[in-house]
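Biologist: I am new to this structure and would like a guided tour. Could you show it to me first, and then explain how its strands are arranged?

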Amino acid sequence: MTGPAEFKPEMVQDIWERDGGRCALCGLGLHWDLRGKPFERGWSVHHREDRGMGGVKRARKGREQPRAYLALAANGVLLCGTGTTGCHGKVTREELPERLGFSVSRIGIRRPVDVPLLHALHGWVLLDNEGGYAPADEPDEEEMAA
Ligand SMILES: [Zn+2]
């Protein structure tokens, strides 16, 4: 679980504070000490834009710029569960409508800072890479198709 796209501890703390220690999808209150644990109130930080192993390899060969923003706040949201359980499991299995903003396509033109997210605590927001957020309009279907 290390690598250029992993969230650094300070960044995890910023994301935790921004999300109020709650699951950004269902709003469940999480327990700080249960990161990565498959218990109730356990949690993990979800990468909205996937790390994609191929990208990291290409970056090492110098053909592609490393996607440094993958490890920044706009790309991370607190979710209950692990990659396979709870809300993190749901998002990983792509059970959510794309328009909710929890998943950002690697091949799309928009990066995580550009894609509105329906946050359990804050409503529709755009996340920034400093651990902040700003209110955003709910995307309409036409925007999603663009
Ligand atoms: Zn949840």
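Modeller: A definition is needed before the strands: two strands count as paired if DSSP finds at least two bridges between them. Please note also that this is a predicted model. Strand S1 (residues 43-47) and strand S2 pair in the antiparallel sense, with five bridges.

Biologist: Which residue of S2 stands opposite Trp 43?

Modeller: That residue is Cys 80.

Biologist: Is S2 largely enclosed or left open?

Modeller: Strand S2 covers residues 76-80, and five of its five residues are buried, so S2 is largely enclosed by the rest of the structure. Both of its faces are covered. Gly 76, Leu 78 and Cys 80 are buried on one side, and Val 77 and Leu 79 are buried on the other.

Biologist: What about the largest nonpolar core?

Modeller: The largest nonpolar core has 25 residues, and those with the most contacts inside it are Cys 23, Leu 25, Leu 78 and Leu 79. The elements giving two or more residues to this core are S1, S2 and helix H3 (86-92). The largest share, four residues, comes from S2.

Biologist: What is Leu 78 in contact with, leaving aside its neighbours within four places in sequence?

Modeller: Its contacts include Ile 15, Trp 16, Cys 23 and Leu 30. Trp 43 and Val 45 are also among them, as are Asp 19 and Arg 22.

Biologist: Let us change topic. What is the order of the open sheet of three strands?

Modeller: The order is S3-S4-S5, with antiparallel pairing. S3 and S5 stand at the edges with a single partner strand each, so one side of each has no neighbour in the sheet. The twist averages 50 degrees from one strand to the next.

Biologist: How many residues lie between S3 and S4 in their hairpin?

Modeller: Three residues lie between them. S3 (residues 117-119) and S4 (residues 123-127) pair over three bridges, and Leu 118 has Trp 124 as its bridge partner in S4.

Conventions: Residues numbered from 1 in each chain as written. Predicted model: local features only at pLDDT ≥ 70, side-chain atom pairs only at ≥ 80, totals over all residues. Axes fitted to C-alpha atoms, helices over the stretch in contact; angles between N-to-C directions. Buried ≥ 20, exposed ≤ 12 C-beta atoms within 10 Å, placed from the backbone. Core = buried A, V, L, I, M, F, W, Y, C linked by C-beta atoms within 7 Å. Contact = placed C-beta atoms within 7 Å.
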